[in-house]
Amino acid sequence: MNPSNESTLDIRDLRVNYLTTRGIVKAVNGVSFQVKPGEVVGLAGESGSGKSTIAHALLRILHPPAVISGGQALFGGQDIMKMDDAELEAFRWQKISIVFQSAMNALNPVMKIRDQLADVMLHHGIDKAEAARRSVELFNLVGIEPARLDSYPHQLSGGMRQRAVIAIALALNPPMLIMDEPTTALDVVVQKDILEQIDLLRKQLGFSILFITHDLSLLVEISTHICIMYAGEIVEKAPARRLFERPQHPYTLGLMNSFPSICGDKQRLTGIPGSPPDLVTPPSGCKFHPRCPRAMNICSRVAPVTTQLTPDHSVACHLIGNGGQQ
Amino acid sequence: MTTKDHETTPLLEVRGLSKEFPVGHFLNPKKVHAVEDASFAVKRGQVVALVGESGSGKTTTLRMIARLIPVTRGEIFFKGTNVVKSEPRQASLDYRRQVQYIFQDPFASLNAVHTIEHHLARPLIIHKKAFGRQEVHEHVCDLLETVELKPADVIASRYPHQLSGGQRQRVAIARALAVDPELILADEPISMLDVSIRMGVLNLIHRLKEERGISFIYITHDLASARYIGDDIIVMYASHMVEGGSSDAIMSQSTHPYTKLLLSAVPDPRASLRTDKNGKARGEVPSLIDPPPGCPFAARCPYVKPVCRKVMPAPVTVAENHWVRCHLLAGK
Amino acid sequence: MAQTTDCNTPTSSRHGKPVSTQIELLKRLATQPKAIIGLVLLILFFLMAIFSPLLAPYDPHQYVGLANQAPSAEHWLGTTGQGQDVFSQLVYGARVSLFIGFTVGILSTLLGLIVGLISGYLPGLVDGVLNVFTNVFLLIPGLPLLITLASFLPQGMVTVILVLTFTGWAWPARTFRSQMLCLREKDFVSASVVSGEGMPRIVFSEILPNMLSLVMSSLFGAVIYAIGSDAGLAFLGFENVNVISWGTMLYWASNSSALLQEAWWTFLPPGLCIALVSFATTMLIYAMDELTNPRLRSEKEITRVLKKYHITSRRSTPVLNEPIE
């Protein structure tokens with residue numbers, strides 16, 4: 001099944017709020033980006049950045065008190081935010097599916113993997129025989145022996161469970177996959193295996209990926225483009241290699257200054273002082289200004305607009321508007 | 001003890017430390033071999049990083065050294081004294097004053113019903129470091145300032161849930177510092193913190209080592225942070241210590257196939273020139289329940305020989321401050 | 001490796017609005033609607049008991065009228081089968097019933113606390129012995145044991161209190177032991193051990209404050225148990241029936257064939273009082289539950305939010321078209 005050009009995800013000014021008794025939490029505050037067919041777009045950020053909220057919002061699986069309060073998410077000509085329940089049923093899993101962080105959260109501990117896999121397919125109208133055949137095919141694709149289909153989740157190792165979850169996500173051959181911290185709970189060796197498997201599958205089946213994680217060094221290795229999120233907004237967007245070589249936003253720089261290297265000179269890294277802001281009463285102006293080493297007067301008063309440095313590299317920072325950095 | 005003894009005797013030395021947990025039931029008893037034959041030393045003012053994946057036995061080793069769980073076999077020498085022998089049932093107050101612990105989860109290691117002041121005051125009072133409310137309070141504020149938590153007065157009167165993860169972990173460090181310890185055991189102290197604040201905490205640990213000469217045993221699954229802060233690194237796999245040495249030696253001249261596998265798996269865009277020529281080591285970590293004899297990595301090792309499945313290799317010195325347990329080197 | 005269970009303590013800040021200390025919990029409790037209902041009712045009953053000499057128009061023991069008179073202006077709740085004033089008996093009876101109920105409630109909770117905490121914290125032999133002991137008391141059928149003990153011990157309030165405590169401590173002990181087993185494994189307890197803290201301080205100063213909500217719930221439950229069992233024992237005639245309590249009022253009502261006589265005013269008021277006190281205490285338990293179970297709390301919040309913005313669909317994330325304030 002070849003992905004058509006209609007399988008570009010185009011998010012425009014998306015806003016998601018949590019209506020809590022403490023006040024309105026603006027978890028996602030005007031986010032725009034695209035995921036084109038075959039691309040791997042990385043969404044990097046820490047706690048409170050809103051990256052996980054976006055993942056769930058795209059499939060409309062957030063629970064109240066979360067509400068979508070603005071913006072569009074266009075996919076294949078349709079706006080996900082305007083779909084009703086029936087259209088969403090048809091949309092989820094067939095157009096976009098999701099791999100969650102902890103496989104044990106996604107898998108039912110008292111059902112065999114085979115049944116969980118079949119469940120997805122039967123629900124979308126595939127008959128039993130075809131579902132069984134496809135289950136074997138999927139397991140081969142993700143690198144698990146089909147004999148393990150009859151296991152329960154707790155009988156599989158962490159890495160295998162995550163592969164099983166990926167198999168379920170691929171059941172209906174969707175043109176796009178969202179992966180929300182899929183390897184964070186796994187050991188580094190298993191993580192590498194899984195990422196290589198995902199890369200292989202992507203080349204074979206042609207789906208695009210929205211990869212969400214806090215591990216920026218991981219994203220630089222596997223993504224085509226990266227969006228850096230902070231307090232519900234995108235502060236910088238660029239192709240992966242360019243972001244790594246020429247980061248512009250002070251937050252991006254700070255993030256990169258938080259990952260020690262395993263080779264090269266040993267440098268003293270500083271990280272970023274302070275902590276992520278409270279989203280009920282966020283800082284005025286630029287949300288990053290309290291922690292920014294280069295904050296100016298204007299930063300606490302006016303929120304920066306996004307400047308387009310090159311057609312595919314944009315930054316939201318007052319420093320860039322005024323001459324910027326090299 | 002003469003000055004020379006004082007310098008050459010390591011602060012902590014662990015020999016043959018092992019831990020087994022009984023599992024299974026009455027009719028079919030089994031044992032989990034959580035730690036097998038751990039041996040290493042920590043000098044004064046040194047950071048030793050213990051690196052391994054989950055289930056490798058690193059936390060269990062640390063908890064034994066902290067005397068939180070009993071030792072199955074082996075010896076722990078602290079300042080030359082075998083503490084397992086001299087205080088078999090419970091650690092003495094003296095030991096507790098000198099050896100402290102920092103837990104992984106900053107949310108769980110503080111008691112939600114007590115203020116920060118209480119958390120820091122208790123060790124001061126127990127070990128008679130301060131007397132009377134005023135003096136205790138002054139010490140508490142000093143400690144908070146040492147770990148860069150300001151304003152100390154305000155923070156002291158707060159409850160744990162009113163602080164951020166990074167702040168809580170600094171409080172945990174302050175608590176460990178309260179008794180003026182010589183050795184601090186840090187169990188993955190930054191893995192549950194946001195990425196941008198990890199470096200601040202690691203730098204604090206480094207500063208404490210440099211300024212106060214406190215030794216640390218730092219556990220992590222992340223080789224990069226082990227290199228950043230560790231003077232020595234020890235690699236653990238499936239309850240065994242497989243390689244150890246200075247941080248530089250392990251990073252640039254790693255010998256054990258598992259260490260090489262670990263290094264190749266760490267995502268690091270700056271290391272794009274790494275060659276991945278070790279051969280694919282497929283498979284996953286073996287079960288620790290009644291494991292078979294021989295090297296635990298044998299099932300996955302691309303260079304495995306028949307002897308690897310029969311006998312656990314003895315440590316071989318590869319260079320000054322670099323040893324490895326691997327049959328590949330035994331013959332050389 | 002985060003600890004996923006929180007042992008039902010309401011102090012985790014990961015779940016919605018945090019309740020910092022158990023003291024704050026009590027303050028918040030006082031503002032819950034269910035708790036207010038319960039507290040108000042209980043206070044009314046306590047006031048009734050305290051001021052009974054002022055409230056009762058007659059001496060409850062005296063024969064002040066014809067037997068089985070229906071409620072009237074002279075006798076607000078009528079007269080008993082012996083010609084005593086029901087209303088006076090009711091207000092005086094509150095003293096005995098409430099006293100026994102709350103004393104037994106407190107004593108059995110205390111006893112359960114001591115056994116439960118010790119057996120939960122000390123592994124091995126101590127726990128084994130205490131646990132067996134607790135289980136024995138849990139397994140012995142309650143009512144037969146109550147009756148057996150009450151029938152050969154000298155009659156009196158002390159006996160009643162002793163007997164009820166004796167049969168009521170095992171359930172709280174079991175509950176507290178489970179909670180202790182869970183809390184004992186927490187990192188903050190290990191941290192106290194590493195600091196050099198001794199066992200008594202760890203149990204009472206570090207762990208017990210985290211159990212406050214559970215202790216209160218158990219206390220309320222024990223009170224309900226005590227009031228009901230006391231009434232039951234009295235009704236069956238195993239208490240000194242010349243002492244006036246709600247339970248003995250029921251005994252006398254039954255003895256005088258109140259149902260046959262259609263004298264509802266002799267058994268309905270005491271029965272209702274027992275039920276109302278249990279209801280009030282139960283309301284407090286519900287309020288406590290709501291406060292400590294974060295999911296119950298957020299459910300209410302969510303329903304309120306949905307109503308405010310007229311959102312009907314709960315399956316997919318709702319989309320609002322108007323801007324929100």
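In this predicted model, residue A:A231 counts as buried, because 23 C-beta neighbours lie inside 10 Å and a residue is called buried once 20 or more other C-beta atoms fall within that distance. A:A231 sits in the loop between β9 (225-230) and β10 (233-239) of chain A.

Is A:D13 buried or exposed? With 12 C-beta neighbours inside 10 Å, A:D13 counts as exposed, because the cut-off for that class is 12 or fewer.

| Residue | C-beta atoms within 10 Å | Class |
|---|---|---|
| A:I11 | 24 | buried |
| A:D13 | 12 | exposed |
| A:A231 | 23 | buried |

**Strand β1 and its sheet**

A:I11 belongs to strand β1 (residues 9-20) of chain A, and it is buried because 24 other C-beta atoms lie within 10 Å. Leaving aside residues up to four places away in sequence, A:I11 touches A:V31, A:S32, A:F33 and A:A73. A:I11 and A:S261, by comparison, are separated by 250 residues in sequence and by 34 Å in space, taken from C-alpha to C-alpha.

Strand β1 is part of an open sheet of four strands in chain A, whose order is β2-β1-β4-β5 and whose pairing is antiparallel. The edges of this sheet are formed by β2 (23-35) and β5 (78-79) of chain A, each of which pairs on one side only. Strand β4 (residues 66-75) of chain A pairs with β5(A) in the antiparallel sense, over two bridges, and the bridge partner of A:L74 in β5(A) is A:D79. Helix α1 (residues 51-58) of chain A lies across β1, β2 and β4 of chain A and runs at about 75° to β2(A).

Which elements give two or more residues to the side of chain B that touches chain A? The contact as a whole brings together 29 residues of chain B and 33 residues of chain A, and the elements in question are α9 (195-212), α10 (223-229) and α12 (257-265) of chain B. Of these, α9(B) provides the largest share of that side, with six residues. Sorted by class, the side of chain B that touches chain A holds 15 nonpolar, seven polar and seven charged residues.

Chain C also meets chain A, in a contact that takes 15 residues from chain C and 18 residues from chain A. The side of chain C that touches chain A has eight nonpolar, three polar and four charged residues.

**Further features of chains B and C**

Chain C is divided into domain 1 (14-292) and domain 2 (294-325), and the centres of these two domains of chain C, taken over C-alpha atoms, are separated by 40 Å. In chain B, the peptide bond from B:K150 to B:P151 is cis, with omega near -5°, and B:P151 is found in the loop between α6 (132-146) and α7 (152-156) of chain B.

Methods. Residues numbered from 1 in each chain as written. Chains lettered and ligands numbered in written order. Predicted model: local features only at pLDDT ≥ 70, side-chain atom pairs only at ≥ 80, totals over all residues. Contact = placed C-beta atoms within 7 Å. Nonpolar A, V, L, I, M, F, W, Y, C, P; charged D, E, K, R; others polar. Pairing = 2+ DSSP bridges. Axes fitted to C-alpha atoms, helices over the stretch in contact; angles between N-to-C directions. Domains from an automatic or database assignment.
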